[in-house]
Amino acid sequence: MNVFRKSRRAVCAALKAGAAAPEAKAKEHAMGGKRRRPNEDFQPILIGAEAVRDEMGAVMKDIDWDGLSDRIADTGLAEKRLRTGAARREPRRVFPLRFLLAGAAAGLLIGVLTTTLFLRRGPSALPGPSAFAASGEFLQRVELEMAKRETIHYLEQSEYVLLDLLEPSAAGAALEPAGASAERARGLLAKKRYFNAHLGDVRMAKARALCDQIEILLLELSQESRSFEAAEADEIRRYVEDKQLLLRIRLMKKELRVSEA
Amino acid sequence: MIPEGAAAGLAPEVLAELFERIRQGDREAYLLLTRAYQKKVFALAYAFFRNKEDALDLVQETFLRLFQKIDSYQEGRNFEAWLLQVARNLCIDHYRKNHLRRELECATPVEELPVAAAGAEEAIHASDLKDVLSRCVERLADRQRQIFIMRHYNQLKNEEIAQALDISLGTVKSLHFKAIRNLRVLMEPYMGYRT
């Protein structure tokens, strides 16, 4: 803008001075005669560009354009045919083959991984007998031991009941089963029913016979509602003594403990 | 000048029909489309490479790419701009791949071109000027070079360049101005004047 104003002032000054100088000359004067016309700088570029265009035109005259377009069209069509053919073949061959290859690769990978894991851990890693697996013989032994323990406990408890029954002070007196004794008798009967199934083993046959005889007695004693006459009480005591229940109980306990050890 | 014999752009309805026939594999349609635009593509490629063989290869490559991607052409878009954009991208790829080779093969590197004495009055010879300009254009930044080539060698209007490069008119003008300014600086030693 300043340059424009400056040059305009110069033109006006020149006109006032009466000089018939052209505007360009006035501008040149205003710029001190150093500035070139704008086009002057671009001229070589424009000339050079024109020369390139001339060269391009000359080159293009020598080209067989029809031949070029023929080649392009033929190549384009050939490529299209190739693409179409490949696209038609793809669904029938390539995709199933891909799936097959993917499946085979996955199978191979799983196999390799499994083998590697097995070999790394060694044979000890093979699933051994689990904590819940046991042989039949072992289970029978466990069952027998449990039956022995239950029987020993049963016999001990029964012994206490019988000892109460055979107290020397009680001899010749009527038998008044206390609530506690009846309760104990019922508890023992329930226990007998629970481990009765365990007494089926041949090795427990003797113990079972004894337990059955005690059970009969306990059944009588568990009748809380009735009291026994002196005669009946004596009969019960005689039964205990005749059967030598206390002695047999002690012997049986000892025998079971020995075999248990 | 745009290359002699370069056909004018085809009308949109004609193009649509040609595309349809090309999709069906009609050889005549391939030929018509190629003949209509091959010279414009060649001019662009030649301006980039200044080499006839490279430019011819690029014309072929551009049209083959066009036939492959014809389904992706959005109807209503300026086809010529789209085609030139495809050609331009291929030119850039080709240029980057082969720039070093051409630099080595060039008979007269820019450094060896005659340098005018400062203040020399006589103009540099036109053929030398062409070489100097071409070598200096190669030194421009990618986008400045593209715009200069399209504007001065292919004689496209700024609007057409903006469309082809998918940039604004203002950007085209700005890049063109920068290209000219840089060319003046680059050519200065060979012209015998100071900017």
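**Entry 1. Largest cavity**

I began with the residues that line the largest cavity: B:Ala47, B:Phe48, B:Arg50, B:Tyr95, B:Ser134, B:Val137, B:Glu138, B:Arg145, B:Ile149 and B:Tyr153. In chain B, the elements that contribute two or more residues to this lining are H2, helix H5 (126-138) and helix H6 (142-153). I note that the model is a predicted one.

I then looked up the volume, which is about 70 Å³ for the largest cavity. My search of the whole structure returned two cavities of 30 Å³ or more.

I sorted the lining of the largest cavity by class and found six nonpolar, one polar and three charged residues. I also checked the lining against the domain assignment of chain B: domain 1 (1-105) and domain 2 (117-195) each supply at least three residues.

**Entry 2. Salt bridges between the chains**

I turned next to the charged side chains. The count over all chains is 20 salt bridges.

I looked up the pair B:Arg27 and A:Asp70, whose side chains form a salt bridge at 3.6 Å, N to O. This pair crosses between chains, with B:Arg27 in helix H2 (residues 27-49) of chain B and A:Asp70 in helix H4 (residues 65-121) of chain A.

I recorded the accessibility of both partners. B:Arg27 has 32% relative accessibility and counts as partly exposed. A:Asp70 is also partly exposed, at a relative accessible area of 26%.

A:Asp70 takes part in a salt bridge with B:Arg35 as well, again at 3.6 Å, N to O. This contact too runs between chains, from helix H2 of chain B, which holds B:Arg35, to helix H4 of chain A, which holds A:Asp70. For B:Arg35 I noted a relative accessible area of 34%, so this residue is classed as partly exposed.

Which residues are linked in a network of salt bridges? I found A:Asp66, A:Asp70, A:Asp74, B:Arg27 and B:Arg35 linked in this way.

**Entry 3. A salt bridge within chain B**

I also examined B:Arg21 and B:Glu17, which form a salt bridge with their closest N and O atoms 3.9 Å apart. The distance lies inside the cut-off, because a salt bridge requires the nitrogen within 4 Å of a carboxyl oxygen.

How are B:Arg21 and B:Glu17 placed in helix H1 (residues 12-23) of chain B? They are four residues apart, so about one helical turn separates them.

B:Arg21 is partly exposed at a relative accessible area of 24%, and B:Glu17 is partly exposed at 47%.

Methods
Residues are numbered from 1 along each chain as its sequence is written. Chains are lettered from A and ligands numbered from 1 in the order in which they are written. This is a predicted model: local features need pLDDT of at least 70, side-chain atom pairs count only at pLDDT 80 or more; totals for chains, interfaces and linings use all residues. Side-chain values use heavy atoms; hydrogens and water are left out. Buried means under 20% relative accessible area, exposed over 50%, partly exposed in between (1.4 Å probe, protein chains only). On a 1 Å grid over the protein atoms alone, a cavity is a set of points where a 1.4 Å probe fits but cannot get out, and a pocket is an open set with protein on both sides within 12 Å along at least five of seven lines; lining residues have an atom within 4 Å of a point. Grid points are joined across faces, edges and corners, and a volume is the space filled by probe spheres set on the points. Ala, Val, Leu, Ile, Met, Phe, Trp, Tyr, Cys and Pro count as nonpolar, Asp, Glu, Lys and Arg as charged, and the others, Gly among them, as polar. Domain bounds come from an automatic or database domain assignment.
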